Amino acid sequence: MRTLKTAGENIPIAELRGFFDGRVLGEWTLDADSMLFLWQRLQAEKPKVIVECGSGVSTLLFARYLSLYQPDGVLLSLEQSAEETKVAQDRLEKHGLAKFVKMYHAPMVSEERGYNLNGVETWPGMQRFDWILVDGPAGNNLVRYYTIADMQKLANPGARWFLDDSFRDNELNVLSKWAELPGVKVEGIYPIGKGLSTGTIQ
């Protein structure tokens with residue numbers, strides 16, 4: 001079976017060379033194939049405002065894209081861990097990308113309910129988005145369901161969503177529940193990485 005692990009030095013995206021040296025992509029992070037797929041979709045769809053649920057390698061990927069192709073855009077990054085929020089901020093500053101990202105420490109209500117997004121539309125810097133990647137929070141059962149359920153009101157018409165880890169039972173259940181939300185379309189799962197599903201919000 002093909003391994004998902006890739007040395008950061010070997011990332012297949014020229015514009016991101018040197019950003020992940022000394023790190024391993026895959027397993028607990030987005031894998032290199034999924035990152036390449038997202039990078040190509042970014043080039044095609046050109047979103048200006050992106051939300052990510054769960055910071056990590058995607059934070060640098062999106063910030064780098066914005067720096068090159070949408071310098072007036074922004075990444076709105078939600079992270080459940082205060083420590084990881086700081087780690088992500090430090091990495092952005094190291095690579096000169098901090099100005100393209102608004103980091104939010106979003107504590108969990110519980111491992112079943114996910115982030116506390118009460119009043120999210122009034123958070124400083126929060127705005128309507130074109131893309132959302134759901135790769136967090138970590139928790140139980142339908143914990144990721146609430147990301148789209150709570151953020152849907154901030155989606156621009158036709159906003160695209162992606163869900164990582166979509167081959168897992170919990171995420172398959174999330175997809176089933178998202179399909180029941182008015183205005184949310186589930187298009188399917190790309191057989192890359194750990195499963196990367198996609199759809200739109202009307």
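**Notebook: a helix pair, a pocket and a cavity**

Helix 1 passes helix 2 in a right-handed crossing. I noted the rule: a crossing is right-handed if the near helix is turned clockwise from the far one by less than a right angle, and left-handed if anticlockwise. Helices are DSSP runs of H or I with at least four residues, numbered from the N terminus.

The model is predicted, so local features need pLDDT of at least 70 and side-chain atom pairs pLDDT 80 or more, while totals for chains, interfaces and linings use all residues. Residues are numbered from 1 along each chain as its sequence is written, and side-chain values use heavy atoms, without hydrogens and water.

**Entry 1: the helix pair**

I looked up the axes of helix 1 (residues 32-45) and helix 2. They come within 11 Å and cross at roughly 25°. Axes are lines fitted to C-alpha atoms over the stretch in contact, and angles run from 0 to 180 degrees between N-to-C directions. The two helices are therefore roughly parallel to each other (angles under 35 degrees count as such).

Next I listed the contact (heavy atoms within 4.5 Å). Helix 1 brings Met35, Trp39, Leu42 and Gln43. Helix 2 brings Val57, Leu61, Phe62, Arg64, Tyr65, Leu68 and Tyr69. By class, I found nine nonpolar residues, one polar and one charged. Here Ala, Val, Leu, Ile, Met, Phe, Trp, Tyr, Cys and Pro are nonpolar, Asp, Glu, Lys and Arg are charged, and the others, Gly among them, are polar.

**Entry 2: the largest pocket**

I needed the rule before looking. On a 1 Å grid over the protein atoms alone, a cavity is a set of points where a 1.4 Å probe fits but cannot get out; a pocket is an open set with protein on both sides within 12 Å along at least five of seven lines; lining residues have an atom within 4 Å of a point. Points are joined across faces, edges and corners, and a volume is the space filled by probe spheres set on them.

The largest pocket holds about 680 Å³ of space. I found 32 lining residues, with Trp28, Ser55, Asp135, Ala138 and Arg144 nearest the centre. Which helix supplies the largest share of this lining? Helix 3 does, with three residues. The lining has eight nonpolar, twelve polar and twelve charged residues.

**Entry 3: the largest cavity**

I counted two cavities of 30 Å³ or more. The largest cavity holds about 60 Å³. Its lining is Ser55, Gly56, Thr59, Leu60, Glu84, Val87, Ala88 and Arg91. Helix 3 gives the most to this lining, four residues.

Terms used
Angles under 35 degrees count as roughly parallel, over 145 as roughly antiparallel, 65 to 115 as roughly perpendicular and the rest as oblique.
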